[in-house]
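Me: I have a structure to read and would like to go through it with you. Could we begin with one residue and then widen the view?

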Amino acid sequence: MWDAASAWLDEQCHVRAQDSNQRNTGPLAAERANLTTRPRGQPQNQSSKREWKPLEDRSCTDIPWLLLFILFCIGMGFICGFSVATGAAARLVSGYDSYGNICGQKNAKLEAVPNSGMDHTHRKYVFFLDPCNLDLINRKIKSVALCVAACPRQELKTLSDVQKFAETNGSALCTYDLKPSEYTTSSKASALCPKLPVPASAPIPFFHRCAPVNISCYAKFAEALITFVSDNSVLHRLISGVMTSKEIILGLCLLSLVLSMILMVIIRYISRVLVWIVTILVILGSLGGTGVLWWLYAKQRRSPKEAVLPEQLQIAEDNLRALLIYAVSATVFTVILFLIMLVMRKRVALTIALFHVAGKVFIHLPLLVFQPFWTFFALVLFWVYWIMTLLFLGTTGSAVQNDQGFVEFRVSGPLQYMWWYHVVGLIWISEFILACQQMTVAGAVVTYYFTRDKRNLPFTPILASVNRLIRYHLGTVAKGSFIITLVKIPRMILMYIHSQLKGKENACARCVLKSCICCLWCLEKCLNYLNQNAYTATAINSTNFCTSAKDAFVILVENALRVAAINTVGDFMLFLGKVLIVCSTGLAGIMLLNYQQDYTVWVLPLIIVCLFAFLVAHCFLSIYEMVVDVLFLCFAIDTKYNDGSPGREFYMDKVLMEFVENSRKAMKEAGKGGVADARELKPMASGASSA
């Protein structure tokens with residue numbers, strides 16, 4: 001069945017691809033015939049036997065992985081449907097008491113469970129006798145839960161107040177076995193009634209739980225926030241500050257959005273100056289820091305040590321030794337950095353050219369700017385669904401009586417492992433959505449690059465890329481995201497183990513755990529970068545994930561120094577751009593909030609604004625970084641298989657052509673003395689040399 005389905009989908013995709021090629025009258029139709037292979041007599045590496053043929057054909061890729069992903073999503077839907085079908089939705093929204101009765105409705109009697117099967121039609125809220133007694137391990141409140149008609153809006157200090165509240169509001173806060181008239185006379189009242197004083201509470205919207213208005217009772221579970229949360233005056237001032245300055249916060253968030261767009265435009269026009277400024281500032285900063293450390297070391301060494309206590313003398317010697325270590329380390333770092341900059345100086349020009357072309361891409365493809373919004377919207381929708389299903393799972397299962405005689409809902413058998421399936425789904429589907437963004441951006445930029453006449457671009461390259469993604473390459477995206485998931489899950493498990501063993505494990509075990517977590521994190525970052533380039537290769541050649549990853553890896557290895565230059569200088573410049581936007585937004589926030597006289601504490605509004613500014617800047621500039629990486633891979637392929645001669649014209653922009661010409665001139669001038677540079681530039685000039 002699996003093979004038949006795969007064969008049918010493959011056949012349909014090839015039919016659609018052939019129909020698409022027959023109907024294709026776009027700007028690339030006349031250009032495809034010009035992309036020829038190497039001359040037959042020219043030797044070719046074993047790793048590059050298969051030719052890169054941009055946008056020549058479209059066919060479905062990695063179909064079995066698409067089927068596997070669809071089956072996995074069906075399993076996620078089964079988990080949600082099972083939890084809803086077993087009554088979890090009603091128990092989650094309406095709430096239930098400790099005897100298995102759902103609040104707000106008439107219930108059926110449970111066998112051998114006292115106080116079950118009660119009519120709670122007029123008791124719509126869940127009340128906990130001790131709401132602050134939390135069990136963090138099992139993620140629940142260790143307290144008897146009752147269905148009540150109303151939540152106590154004011155603090156009840158004595159049993160007389162509890163009795164008066166029951167008589168006035170018709171809401172009994174003690175267990176069902178105790179009548180309101182017995183609250184002050186029964187000897188069991190202290191055990192069957194809520195813990196005094198009863199905090200003022202209000203129902204949670206949509207979930208009908210009575211939650212304490214004052215959250216300071218939870219402070220013991222967050223030791224770092226005890227003094228902060230327990231000070232109600234500070235908490236109220238912060239909340240009032242946020243509410244009073246909501247217009248300012250909204251305006252500052254809009255400012256960060258505008259600054260991000262302006263920065264993306266500015267980078268295009270001053271890319272050359274900006275990159276060199278960043279490079280010079282990094283060198284001067286490292287030289288200045290090294291000089292200051294050596295100056296402090298010399299000053300500390302020349303300082304007089306007469307009339308100094310032995311303890312102070314020992315401290316001074318330790319500080320002097322530490323300064324020496326810091327100064328030597330800074331010197332070594334500066335020398336290495338200077339040598340790297342010296343080696344990379346010729347590759348910085350390519351980074352500048354790519355940033356300039358990336359700015360043009362955003363002008364021709366304006367919808368790229370909005371790509372982060374659609375991705376974020378899709379992620380939010382999925383996360384809301386995932387959290388709701390997770391809450392359903394917390395109340396699903398069959399009613400079971402525990403040791404205390406209360407009812408709990410538990411899932412037995414293989415279905416109890418649905419939690420793990422659901423967690424894997426969170427990681428895989430989230431990575432799938434992010435990978436869809438990468439494939440969409442790659443497809444649009446590839447279409448832009450390999451269209452010589454930019455006036456003949458498709459009307460909406462982004463939508464055309466989305467269409468190609470959905471029709472042909474969802475399987476590739478599913479496979480790439482699954483590989484990232486395989487790395488993320490062990491790292492999350494190790495992080496969980498490390499958090500659970502904090503303070504209990506020895507130094508060796510702690511070091512091993514942190515080393516494994518760090519290695520998995522590095523592996524994840526490397527795979528993310530390789531995946532992104534694999535998606536670009538798929539967008540160019542319509543090959544499956546493994547073939548695309550191999551082809552992209554070969555190209556990246558052949559241009560290793562250029563990749564290093566782009567990923568160091570370019571990424572550092574974009575990071576400084578993020579810092580610039582956050583600092584500018586924060587400074588504007590300080591100036592505006594300083595004139596707000598309605599409150600004195602504006603730390604929280606400023607933190608909210610700065611976090612939002614960094615998030616916006618990261619979303620926009622990460623798209624910019626993605627465009628630069630796609631352009632580089634296209635440029636490397638273009639220079640490898642074309643040389644500008646008739647029939648093998650370049651696809652690249654004029655700025656990149658100028659870089660190629662300058663590189664050729666430098667290679668000719670270098671001659672035999674520039675062996676290293678000539679070796680790197682050889683792929684670009686291979687066609688010219690063979691001619």
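Me: Where is Thr 451 placed?
Reply: Thr 451 sits in the loop between α13 (418-449) and α14 (461-500). Helices (H or I, at least four residues) and strands (E, at least two) are DSSP runs, numbered from the N terminus.

Me: Is Thr 451 buried or exposed?
Reply: Thr 451 has 1% relative accessibility, so it counts as buried. Buried means under 20% relative accessible area, exposed over 50%, and partly exposed in between (1.4 Å probe, protein chains only).

Me: What does the side chain of Thr 451 reach?
Reply: The side chain of Thr 451 reaches the backbone oxygen of Thr 447 at 2.6 Å.

Me: What kind of model is this?
Reply: This is a predicted model, in which local features need pLDDT of at least 70, side-chain atom pairs count only at pLDDT 80 or more, and totals for chains, interfaces and linings use all residues. Residues are numbered from 1 along each chain as its sequence is written, and side-chain values use heavy atoms, with hydrogens and water left out.

Me: What pLDDT does the protein chain average?
Reply: The average is 75, and 74% of the residues score at least 70. The pLDDT is the predictor's confidence in each residue, from 0 to 100. Over residues 15-48 the pLDDT is below 50, and this stretch has 50 contacts in the model beyond near neighbours in sequence. Residues 672-691 also have a pLDDT below 50, with 27 contacts beyond near neighbours in sequence. A contact means heavy atoms within 4.5 Å.

Me: How should low pLDDT be read?
Reply: Where pLDDT is low, the predicted coordinates should not be read in detail.

Me: Next, the cysteines. How many disulfides are there?
Reply: The count comes to three disulfides, where a disulfide is a pair of cysteine sulfur atoms within 2.5 Å.

Me: What can you say about Cys 103 and Cys 147?
Reply: Cys 103 and Cys 147 form a disulfide with their sulfur atoms 1.9 Å apart. The torsion about their S-S bond is about -85 degrees, so the disulfide is left-handed. Cys 103 lies in the loop between α3 (88-94) and β1 (125-128) and Cys 147 in strand β4 (residues 145-148), so the pair ties together parts that are 44 residues apart in sequence. Cys 103 and Cys 147 are buried.

Me: And which cysteine is joined to Cys 151?
Reply: Cys 151 is joined to Cys 210, S to S 1.9 Å. The torsion about the S-S bond of Cys 151 and Cys 210 is about -75 degrees, so this disulfide is left-handed. The pair links distant parts of the chain, 59 residues apart: Cys 151 in the loop between β4 and α4 (159-169), and Cys 210 in strand β6 (residues 210-212).

Me: Is the link of Cys 174 and Cys 193 left-handed or right-handed?
Reply: The link is right-handed, with 105 degrees about the S-S bond. Cys 174 lies in the loop between α4 and α5 (189-192) and Cys 193 in the loop between α5 and β5 (201-203), so the pair ties together parts that are 19 residues apart in sequence.

Me: Changing topic, how do strands β7 and β8 run?
Reply: Strand β7 (residues 398-401) and β8 run antiparallel and are joined by four bridges. Two strands pair if DSSP finds at least two bridges between them.

Me: Which residues of β8 are on the covered face?
Reply: In β8 (residues 407-410), Val 407 and Phe 409 are on the covered face, whereas Glu 408 and Arg 410 are on the uncovered one.

Me: Finally, which residues does the cis peptide bond at Pro 197 join?
Reply: The cis peptide bond joins Leu 196 and Pro 197, with omega about -5 degrees. Pro 197 is in the loop between α5 and β5.

Note on methods
Polar contact = N/O pair within 3.5 Å; in protein donor to acceptor, adjacent residues only side chain to side chain.
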